[in-house]
Amino acid sequence: MKRLVLVIALVALLPGAMMYAQQPPPTMQEDFVPVSALPQAEQLPAAPLLIAAYAFVWVALMVYVWSLWRRMARLERDLADLQRRVPKP
Amino acid sequence: MSRLFVPLLLLATALFAAAPFVVANAPFEETMGLVQKIFYYHVPSAMMMFLSAFVCGIASAIFLFRRSAAADRVAQAAGELVVLFGLIVLVTGPLWARKAWGVWWEWDARLTSSLLLWMIFLAYLLVRRFGGPGSEKLAGAMALFGMANVPFVYVSVNYWRTLHPKTSVVMTLAPGMRAAFWFSVAAFVILYVLLLTLRKRLEDRQAAVEQLYLAFEE
């Protein structure tokens with residue numbers, strides 16, 4: 001039954017995929033255009049991208065350090081527990 | 001923990017606190033302007049990714065040929081850091097590319113090979129985590145393969161036609177940019193040493209717990 005549903009879904013998506021593939025490619029820029037002459041929608045501000053990049057670096061490092069700290073705390077607890085339970089020679 | 005850990009931690013904190021000001025004072029690049037300043041975190045992260053891949057590969061070789069458990073723990077620590085710094089490179093790069101090239105991503109030699117390198121070490125971590133007993137040797141072999149890829153990733157921009165800047169960019173930086181760049185590199189190297197030390201210590205504790213479990217079962 002699951003296989004039948006999967007086949008039906010794929011067949012239903014196929015015409016859509018074929019229509020998308022047959023669409024004409026987007027019109028490309030053919031000559032050099034300075035940034036100041038680009039349409040407004042294409043003039044991206046740099047600051048949000050720069051801030052996002054730096055923020056991601058900080059967040060990634062903080063998350064990693066936090067995960068190290070959490071794993072270490074769990075191991076220290078297990079180690080202390082085992083040291084109590086294992087009889088000393 | 002090593003006596004150098006706390007001084008290095010303080011130094012890394014100071015460098016990272018100062019880094020935004022150093023980067024802000026660096027001159028603007030002529031064609032890319034403000035967005036080029038992503039360079040001061042993107043390139044040092046890539047350098048740490050390559051460095052960690054080498055550390056992982058060399059430690060894995062020592063583990064495979066000399067059966068050194070300590071080397072295996074260093075390899076695992078370094079493998080995780082390849083994935084961390086690689087993720088930073090693969091996120092900051094497209095953010096820069098969107099403005100500089102007009103696209104988030106391009107399947108050119110440098111970007112594609114960097115992504116593959118990252119995926120190799122992600123697979124390394126998955127094998128370590130889910131491979132079961134004896135998977136350390138398979139993972140070690142993967143790490144050697146990953147390490148062998150690093151020179152290809154590095155020279156890909158020189159030998160293939162790519163959008164990515166060539167390796168000569170770093171050596172030909174303007175003086176103001178050069179100082180800020182090497183400042184960032186120094187901060188990242190110290191950070192890398194600290195993270196590797198911490199992560200390796202985690203593995204040492206894990207090994208100690210496993211030994212105690214075995215002793216408890218006996």
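**View 1. B:Asp204 is partly exposed in this predicted model.** Counting around B:Asp204 gives 15 other C-beta atoms within 10 Å. A residue is buried at 20 or more such atoms and exposed at 12 or fewer, so B:Asp204 is partly exposed. B:Asp204 sits in helix α7 of chain B. Look also for B:Arg73, 131 residues apart from B:Asp204 along the chain. The C-alpha atoms of these two residues are separated by 7.1 Å.

**View 2. Helix α7 of chain B runs from residue 175 to residue 217.** The helix has 43 residues. At 1.5 Å a residue, α7(B) should span 63 Å, and its end C-alpha atoms are 63 Å apart, so the two values agree. Which residues of α7(B) are buried? They include B:Met177, B:Ala180, B:Phe181, B:Ser184, B:Ala187, B:Phe188 and B:Leu191. An α-helix has 3.6 residues a turn, so residues three or four places apart point the same way. The buried residues of α7(B) pack against α1, α2 and α3 of chain B, together with α2 of chain A.

**View 3. Helix α2 of chain A crosses α7 of chain B.** Their axes come within 9 Å and cross at roughly 25 degrees. Angles under 35 degrees count as roughly parallel, so α2(A) and α7(B) are roughly parallel to each other. The crossing is left-handed. Among the residues that meet here are A:Leu68, A:Met72, A:Leu75 and A:Leu79 in α2(A), and B:Leu198, B:Leu202, B:Val209 and B:Phe216 in α7(B). By class, this helix contact has 12 nonpolar, 2 polar and 6 charged residues.

**View 4. Chain A touches chain B.** How many residues does each chain bring to the contact? Chain B gives 26 residues and chain A gives 23 residues. On the chain B side, α3 and α7 each supply at least two residues. The largest share, 11 residues, comes from α7(B). The chain B side divides into 18 nonpolar, 3 polar and 5 charged residues. Chain A itself has 2 helices and 0 strands. Buried residues make up 4% of its 89 residues.

**View 5. Helix α5 of chain B packs against helices of chain B.** This helix covers residues 135–159, which is 25 residues. From first C-alpha to last, α5(B) reaches 36 Å, close to the 36 Å expected at 1.5 Å a residue. Its buried residues include B:Ala139, B:Gly140, B:Ala143, B:Met147 and B:Val157. They pack against α2, α3 and α4 of chain B.

Methods:
Residues numbered from 1 in each chain as written. Chains lettered and ligands numbered in written order. Predicted model: local features only at pLDDT ≥ 70, side-chain atom pairs only at ≥ 80, totals over all residues. Helix = DSSP H or I, 4+ residues; strand = E, 2+ residues; numbered from the N terminus. Expected span 1.5 Å × (residues − 1). Contact = placed C-beta atoms within 7 Å. Nonpolar A, V, L, I, M, F, W, Y, C, P; charged D, E, K, R; others polar. Axes fitted to C-alpha atoms, helices over the stretch in contact; angles between N-to-C directions. Parallel < 35°, antiparallel > 145°, perpendicular 65-115°, else oblique. Left-handed = near helix turned anticlockwise from the far one by under 90°.
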